[in-house]
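This briefing concerns the ligand site, the cavities and pockets, and the strand pairing of one model. Please consult the sequence and structure shown next before reading the points below.

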Amino acid sequence: MSSKLNKFYITTPIYYVNDVPHIGHAYTTIMADILARYHRMRGDDVFFLTGTDEHGAKIKQIADKVGKKPKEFVDEISAAFSTAWDTLNISNDNFIRTTNPAHKKAVQEVAQKLFDNGFIYKGKYEALYCLGCEQYKTKTDLVDGKCPDHKSEPEVRSEESYLFKMSKFQDELLQRIKKDEFKIRPETRKNEIISFYEKEGLKDVAISRRKESVPWGIELPFDKDHTLYVWIDAFLNYLTGLGWPKNDKNYKKFWPADVQLMSKDILRVHATIWPAMLLALGEQLPKQFFIHGYFTIDGQKMSKSLGNVVDPVALAGKYGVDEVRYFLSREVSFGEDGDFSFARLEERYNAELANGLGNLVSRVLAMCEKYFDGKIPEKTSGSAARTWQSYEINMEKLALHLALKDVWDLIAFCDQFINTEAPWQLVKVDKERLSRVIYTLLETLRHIAWLIAPFMPMTSDKLFEQLGLAPEKEKKKSFEKAKEWGGLAPGKKIKRGVVLFPKIISK
Ligand code: MSP
């Protein structure tokens, strides 16, 4: 696999600020962070964007309900998102807010440009609209006349409105999606979208509301009585988050996005209006959408009324940040639906972190202390190339759970190796072989510290330190160098530290 310097631009959806972040938001953001860190580790030039979506009828309603001014309300919740991401060690390069003046200005310029170029016209729009989703619905989306996600009947909306000529882009977008020029993954999601294009087709879409209906939005520059549909405003974050159009340095370097992550709830709107807008603006389409599944909690839909909403910050407080990052990325096949449960988390923690990685590290370091006075023994030949190869392939295809499995297979191999080599016997009969065994194990731990770095950055640092290496210095090494065998220098002292993952004893 080539390690040529590439650029990598990854985005998450920008989250609604109607409520504080939950585990679903954290999941998307952590997965994006893992990919961003992986690409940085390869030496790629990375831009990772996340943020908050702060306009729209729903947000105004909630702010009214809690007796706050919309801006005051969105400031608070947006801060809760950015604090949560700090806690979870998210390495985003920017945090975009749609209430930023620069974003608003850019959005208005886009609206004006689309209007001037004839892509926006005045008309009337009548359609079913689900306020919960902030999305228009077709009859086929409904179950018993109700939105399946919000269990409520959508409203019929009919009013003077500006429309975006989305229908014009039907053929071109369908072709591009089919040919994977605009890739939608997993394949099942691509097929769903193709079938939507073929059966329903792209229709012109209302992109404004009268200001008295939705005052909390961006005004149309050519008609101050209207505010812009929140999704049009929101999509543009993927460009304005790069500083576009005023500071176009990052835009020039990073657009089009390499991976746009989201879940299935917002795929359709993303795979229709967003690329159509880009074509209308003469911009390139994103290279890939990756759609992950939805989390349930103990088998049930997460909802406030069920009282089962999981707070990712509290979760990390209880189990640790890396522990949560590990669990979320390992438990669910990335791209499929998954379930979260505390029992599973504790099970995996004990089996894979405490008894798996943690135990291996303490065993190997204890043997190095006991048999070699805590000094790295003589170098011996070896390789971790097979693990790296499979890991890289899995990371490239975004099979994050499988990349982790590669690492844990290596851990299992080390455990096996210790058992078959039995260093406690070798010390009596074959010191040279013992030295080779311990070097192999220590050097494999160095590789493991690299392999887990995107997933568990703090544990990776701790492991480097325990191996007697300075994490900051290590991370400056090139990816090719890191993957080479023999990075540990004989004679250097290890620094055995605290147990990485103390076992959870269930009450
Ligand atoms: N504001 C829009 C997105 C605009 S992007 C231009 C929005 N916001 S949201 O807060 O509802 O976030 C939806 C996204 O949050 C999902 O696509 C997914 O990434 C994440 N998730 C929310 N709940 C989730 C689960 N229960 N499970 C997995 N991901 C979840 O839509």
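Helices (H or I, at least four residues) and strands (E, at least two) are DSSP runs, numbered from the N terminus. The model is predicted: local features need pLDDT of at least 70, side-chain atom pairs count only at pLDDT 80 or more, and totals for chains, interfaces and linings use all residues. Residues are numbered from 1 along each chain as its sequence is written, and side-chain values use heavy atoms, with hydrogens and water left out.

**Ligand site**

- At least two residues of the shell around the ligand come from each of β2 (15-16), α1 (23-42), α7 (230-235) and α8 (237-240).
- There are 23 residues around the ligand, of which I14, T28, D53, D265 and F295 come nearest; a residue counts as near if one of its heavy atoms lies within 4 Å of the molecule.
- The shell is made up of twelve nonpolar, nine polar and two charged residues. In this classification Ala, Val, Leu, Ile, Met, Phe, Trp, Tyr, Cys and Pro are nonpolar, Asp, Glu, Lys and Arg are charged, and the others, Gly among them, are polar.
- A polar backbone atom of Y16 is 3.0 Å from an oxygen atom of the ligand, and a polar side-chain atom of H25 lies 3.4 Å from an oxygen atom of the ligand.
- Y294 places a polar side-chain atom 3.5 Å from a nitrogen atom of the ligand.
- The protein buries 94% of the 670 Å² that the ligand exposes when taken alone; accessible areas come from the Shrake-Rupley method with a 1.4 Å probe.

**Cavities**

- The structure holds three cavities of 30 Å³ or more. On a 1 Å grid over the protein atoms alone, a cavity is a set of points where a 1.4 Å probe fits but cannot get out, a pocket is an open set with protein on both sides within 12 Å along at least five of seven lines, and lining residues have an atom within 4 Å of a point. Grid points are joined across faces, edges and corners, and a volume is the space filled by probe spheres set on the points.
- The largest cavity has a volume of about 100 Å³. It is lined by 14 residues, and A57, R209, V214, Y229 and V230 are the closest to its centre.
- Seven nonpolar, four polar and three charged residues form the lining of the largest cavity.
- The second largest cavity contains about 40 Å³ of space. Its lining consists of Y125, Y136, R157, S158, E159, S161, A206, S208 and R209.
- β7 (155-164) and β10 (208-210) each supply at least two residues of the lining of the second largest cavity, and β7 gives the most, with four residues.
- The lining of the second largest cavity divides into three nonpolar, three polar and three charged residues.

**Second largest pocket**

- The second largest pocket has a volume of about 480 Å³. Among its 22 lining residues, K183, V259, Q288, E396 and L398 are the closest to the centre.
- Two or more residues of this lining come from each of β1 (7-11), α1, β8 (183-185), β14 (288-292) and α14 (385-396).
- The lining of the second largest pocket has eleven charged, seven nonpolar and four polar residues.

**Strand pairing**

- Four strands form an open antiparallel sheet in the order β6-β5-β7-β9. β6 and β9 (205-206) are the edge strands, each pairing on one side only. Two strands pair if DSSP finds at least two bridges between them.
- β5 (residues 120-130) and β7 pair in the antiparallel sense over ten bridges, and A127 stands opposite R157 in β7.
- β5 also pairs with β6 (residues 135-137), in the antiparallel sense over three bridges; the bridge partner of C130 in β6 is Q135.
- The hairpin of β5 and β6 has four residues between the strands, and E134 takes a positive phi near 50° there.
- Three strands form an open antiparallel sheet in the order β10-β12-β11. β10 and β11 (219-220) stand at the edges, each with a single partner strand, so one side of each is left without a neighbour in the sheet.
- β11 and β12 (residues 223-228) pair in the antiparallel sense over two bridges, and T227 in β12 is the bridge partner of E219.

Definitions and conventions:
Polar contact = N/O pair within 3.5 Å; in protein donor to acceptor, adjacent residues only side chain to side chain.
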